[in-house]
Amino acid sequence: MIPVIQVRTLAAKKSYEGRLAFCFVPEDGLLDIPYTEFAAPVSAELHYAILEDNSVEVEGTVTFTLKGLCSRCLEEAEQSFSGDVFGVFVEGEGDGETYGYRNGAVDLTELLKDAVLFAIPSRLLCGRCAEEEDL
Ligand SMILES: [Zn+2]
């Protein structure tokens, strides 16, 4: 489950930063490598900070494992990947550089989707092929 950052509630408690660690199942269609799927839910570790203007900075990492058939030799393959998460949420509409939020609550879904998409490789390699490519 992707938690929601209750900005209004947290700010009222003067709790302006915190950490979140959770797992979530990525939406279908995120992954377009043939014969490949997420081996398990994606795990996320995030730090957030609520700034004076009520914008919220979120940063951290997502980690996930893909399993399927090696894109080179079609043997079974499993590889882990991680990617950076960074986003700024502003009240109201985002402007392309920032994400928007409404009703005093930040929904992290879009940010996490972007982070996972960015971290997904163009193909999956088994251990042997990955080694050969490194030579
Ligand atoms: Zn291979």
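This is a predicted model: local features need pLDDT of at least 70, side-chain atom pairs count only at pLDDT 80 or more; totals for chains, interfaces and linings use all residues.
**Exercise 1.** Which atoms coordinate the zinc ion, and at what distance?

*Solution.* Start from the metal. The donors are the SG atoms of C70, C73, C126 and C129. They coordinate the zinc ion at 2.3 Å.

**Exercise 2.** Classify the arrangement of the four donor atoms around the zinc ion.

*Solution.* Take the angles. They run from 106 to 115°. Apply the test: four donors count as tetrahedral if all angles lie between 85 and 135 degrees. The arrangement is therefore tetrahedral. For reference, the ideal angle for four tetrahedral donors is 109.5 degrees.

**Exercise 3.** Sort C70, C73 and C126 by burial: buried or partly exposed?

*Solution.* The cut-off for buried is under 20% relative accessible area. C70 has 0% relative accessibility, so C70 is buried. C126 has 8%, so C126 is buried too. C73 has 29% and therefore counts as partly exposed.

**Exercise 4.** How many disulfides does a search of the whole structure find?

*Solution.* Search for pairs of cysteine sulfur atoms within 2.5 Å. The count is zero.

**Exercise 5.** Describe the setting of L10: its helix, its burial and its contacts.

*Solution.* First, the helix. L10 sits in α1, which spans residues 7-12. Second, burial. Its relative accessibility is 15%, so L10 counts as buried. Third, contacts. Setting aside neighbours within four places in sequence, L10 touches I5, S15, Y48 and I50. Last, a distance. E57 lies 47 residues away along the chain, and the C-alpha atoms of L10 and E57 are 14 Å apart.

Key
Residues are numbered from 1 along each chain as its sequence is written. Side-chain values use heavy atoms; hydrogens and water are left out. Donors are N, O and S atoms within 2.8 Å of the metal (3.2 Å for Na, K and Ca); water is not among the atoms, so sites may look incomplete. Four donors count as tetrahedral if all angles lie between 85 and 135 degrees; four count as square planar and six as octahedral if opposite donors are over 155 degrees apart and all others between 65 and 115; anything else is irregular. Buried means under 20% relative accessible area, exposed over 50%, partly exposed in between (1.4 Å probe, protein chains only). Helices (H or I, at least four residues) and strands (E, at least two) are DSSP runs, numbered from the N terminus. Contact means heavy atoms within 4.5 Å.
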